[in-house]
Amino acid sequence: MKMINDIVYWFISSGTAAVLFIFAWKYLKPVLEAKKLHAKTLQEKEVLDVLEKLADTTVTSLVSNQALTGHDKFKEATKIVGGTLADKGFNVNQTTVEHAIQSAYEKSDLTPTNPQPNQVKTGVTVTDATIPTDKIEDISAGQIKTGVINND
């Protein structure tokens, strides 16, 4: 037992323990920092998931409210989502909340979507005429067709 105590005393008094502690800290500190950053990233991801679900739910609940205009619905949804997150202890930037609400509105029934046909082009077509560059002003109105050109 005395020999173990002498070894421990020598280990501490000679500075070997301090050197080993410094080397261990140099190798462990980056690992601990990486774990901390990873945990923070996961926490932020979870907060954004909660924010997205809450925004979708809030926007869906405001869709049928005919008493409010679109801008008023947006402000009300922003206020509800921001207040709910603050009540739960989440610290979320107001701009992030507004972006989540905007995204939820774009996915909701409030924003109509217009499907675009494939390869729709607009332009001017001149029929039965060859146009020299010095004679462009001589084209009659009956020779010009405007509108949508479908490339089917």
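A crossing of two helices is right-handed if the near helix is turned clockwise from the far one by less than a right angle. Keep that in mind as we walk through this predicted model, since the crossing of H3 and H4 is right-handed.

Let's get our bearings along the chain before looking at that crossing. The protein chain holds 4 helices and 2 strands, and reading along the sequence gives the pattern α-α-α-α-β-β. Of its 152 residues, 12% are buried. If you take the contacts in the chain with a separation of 6 or more, 57% of them join residues 24 or more positions apart.

On the H1 side, the contact is made by Trp 10, Phe 11 and Ile 12, while H2 supplies Thr 16, Ala 17 and Leu 20. Sorted by class, this contact of H1 with H2 has 5 nonpolar residues, 1 polar residue and no charged ones.

Now follow H2 along to where it meets H4. The axes of H2 and H4 come within 8 Å and cross at roughly 50°. As H2 passes H4, the crossing is right-handed. From H2, the residues that take part are Leu 48, Leu 51, Glu 52, Ala 55, Asp 56, Val 59 and Leu 62; they meet Thr 96, Val 97, Ala 100, Ile 101, Ala 104, Tyr 105 and Lys 107 in H4. The residues of this contact divide into 10 nonpolar, 1 polar and 3 charged.

While you are on H2, have a look at Glu 44, which is placed in this helix. Glu 44 counts as partly exposed, because its relative accessibility is 45%. The C-alpha atoms of Glu 44 and Phe 90 are separated by 9.8 Å, although the two residues are 46 apart along the chain.

Next comes the pairing of helix H3 (residues 70-87) with helix H4 (residues 94-107). These two pack at an angle of about 125°, with their axes 9 Å apart. That angle makes H3 oblique to H4. H3 brings Lys 73, Phe 74, Ala 77, Thr 78, Val 81, Gly 82 and Leu 85 to the contact, and H4 brings Gln 94, Val 97, Glu 98, Ile 101, Gln 102 and Tyr 105. By class, the contact of H3 with H4 has 7 nonpolar, 4 polar and 2 charged residues.

Two members of that contact, Gly 82 and Gln 94, have C-alpha atoms separated by 7.1 Å and lie 12 residues apart along the chain. Gln 94 belongs to helix H4, and with a relative accessible area of 40% Gln 94 is partly exposed.

Finally, turn to the aromatic rings. A search of the whole structure finds 1 aromatic pair. Its partners are Phe 74 and Tyr 105, whose ring centres are 6.2 Å apart and whose planes stand at 35°, so the pair is tilted. Because Phe 74 lies in helix H3 and Tyr 105 in helix H4, the pair ties together parts that are 31 residues apart in sequence. Tyr 105 has a relative accessible area of 7%, so this residue is buried.

Notes
Residues are numbered from 1 along each chain as its sequence is written. This is a predicted model: local features need pLDDT of at least 70, side-chain atom pairs count only at pLDDT 80 or more; totals for chains, interfaces and linings use all residues. Side-chain values use heavy atoms; hydrogens and water are left out. Axes are lines fitted to C-alpha atoms, for helices over the stretch in contact, and angles run from 0 to 180 degrees between N-to-C directions. Angles under 35 degrees count as roughly parallel, over 145 as roughly antiparallel, 65 to 115 as roughly perpendicular and the rest as oblique. Contact means heavy atoms within 4.5 Å. Ala, Val, Leu, Ile, Met, Phe, Trp, Tyr, Cys and Pro count as nonpolar, Asp, Glu, Lys and Arg as charged, and the others, Gly among them, as polar. Rings of Phe, Tyr and Trp (its six-membered ring) pair if their centres lie within 6.5 Å; planes under 30 degrees apart count as stacked, over 60 as edge-to-face and the rest as tilted. Buried means under 20% relative accessible area, exposed over 50%, partly exposed in between (1.4 Å probe, protein chains only).
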